[in-house]
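Work through the exercises below with the sequence and the model side by side. Try each task yourself before you read its solution.

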Amino acid sequence: MNIFIDTEFSQFLDPELISIGFSTDNGLTFYGERSDFDRSTCSDFVKTVVLPQLGKKPDRVFDKTGLSIAVRTWLSQFEGPQPVVLAYDDKVDYALLVDLLDTDVPAWLLTKNVRHQIDQVAFERLMRDMFDENQHHALHDAICNRFAYRGEP
């Protein structure tokens, strides 16, 4: 099974996690936002595009420790005999997950960069049709990556 991950973060030079989304092959999702990131370090792009999308689901807002616990708990349901692949399209997504989990990523979770297996035309069509072009939202991007993925299941 694949679990597609996407994150939103403060800026590229020294990224700080803002939000994280997961979408599985079978349609399960997780979304969480951090309440305790440093807004003053955010790029102008993030301030304009990402930050206005936050806070719409107050029950999905956590401090970093709370988000780490929520992600661990959600991921734990997939531990078992079948291989589980964390599919990301940017290494920053995986690095931010590693940081969030304090470098304690479950050993049973395999990883794969699927950047070149995401059909960008399909991604953009899905984003427009499903989310009114509301790109740069961690959960929306993870869902669209899942649907636009053109690799092995």
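## Exercise 1: A covered helix

Helix α5 is mostly covered, with 10 of its 11 residues buried (buried means under 20% relative accessible area, exposed over 50%, and partly exposed in between, with a 1.4 Å probe and protein chains only). The model is a predicted one, in which local features need pLDDT of at least 70 and side-chain atom pairs count only at pLDDT 80 or more, while totals for chains, interfaces and linings use all residues. Residues are numbered from 1 along each chain as its sequence is written, and side-chain values use heavy atoms, with hydrogens and water left out.

**Task.** Find which elements the buried residues of α5 pack against, and describe the surroundings of Asp141.

**Solution.**

Step 1. Helices (H or I, at least four residues) and strands (E, at least two) are DSSP runs numbered from the N terminus. The buried residues of α5 include Leu139, Asp141, Ile143 and Arg146, and the partners against which the buried residues pack are the strands β1 (2-9), β2 (17-24) and β3 (29-34) together with helix α4 (120-131).

Step 2. Asp141 belongs to this helix, which covers residues 138-148. Once its neighbours within four places in sequence are set aside, Asp141 is in contact (heavy atoms within 4.5 Å) with Asp6, Glu8, Phe123, Met127, Gln135 and His136.

Step 3. Although Asp141 is buried, it has no salt bridge, and Arg115, the nearest side chain of opposite charge, is 11 Å away. Here Lys and Arg count as positive and Asp and Glu as negative, while His and the chain ends are not counted; a salt bridge is a side-chain nitrogen of Lys or Arg within 4 Å of a carboxyl oxygen of Asp or Glu.

Step 4. The side chain of Asp141 does reach the backbone nitrogen of His136, at 3.3 Å.

## Exercise 2: Aromatic rings

**Task.** How many aromatic pairs does the structure hold, and which residues do ring pairs link into a cluster?

**Solution.**

Step 1. There are seven aromatic pairs in the structure. Rings of Phe, Tyr and Trp (its six-membered ring) pair if their centres lie within 6.5 Å; planes under 30 degrees apart count as stacked, over 60 as edge-to-face and the rest as tilted.

Step 2. The ring centres of Phe22 and Phe30 are 6.0 Å apart and their planes stand at 55 degrees, so this pair is tilted. Phe22 and Phe30 are both buried.

Step 3. Trp74 and Phe78 form an edge-to-face pair, with 4.9 Å from centre to centre and 70 degrees between the planes, and both of these residues are buried as well.

Step 4. Put together, Phe22, Phe30, Trp74 and Phe78 are linked by ring pairs into a cluster.

## Exercise 3: Salt bridges

**Task.** Which residues are linked with Arg34 in a network of salt bridges, and is Arg34 buried or exposed?

**Solution.**

Step 1. A search of the whole structure gives seven salt bridges. In one of them Arg34 is joined to Glu16, with the closest N and O atoms 3.3 Å apart. This pair links distant parts of the chain, since Arg34 is in strand β3 and Glu16 is in the loop between β1 and β2, 18 residues apart.

Step 2. Arg34 also meets Asp36 in a salt bridge, at 2.9 Å from N to O. The network therefore consists of Glu16, Arg34 and Asp36.

Step 3. Arg34 has 7% relative accessibility and so counts as buried, whereas Asp36, at 36%, counts as partly exposed.

Step 4. For another salt bridge, turn to Asp119 and Arg150, whose side chains meet at 3.8 Å, N to O. Because Asp119 lies in the loop between β6 (109-113) and α4 and Arg150 in the segment after α5, the pair ties together parts that are 31 residues apart in sequence.

## Exercise 4: A buried serine

**Task.** Where does Ser10 lie, and which backbone nitrogen does its side chain reach?

**Solution.**

Step 1. Ser10 lies in the loop between β1 and β2, and at 0% relative accessibility Ser10 counts as buried.

Step 2. Its side chain reaches the backbone nitrogen of Glu16 at 2.9 Å.

Step 3. Apart from neighbours within four places in sequence, the contacts of Ser10 include Thr41, Ser43 and Val46. Val46 is placed in helix α1 (residues 44-50) and is buried, with a relative accessible area of 4%.

Notes
Polar contact = N/O pair within 3.5 Å; in protein donor to acceptor, adjacent residues only side chain to side chain.
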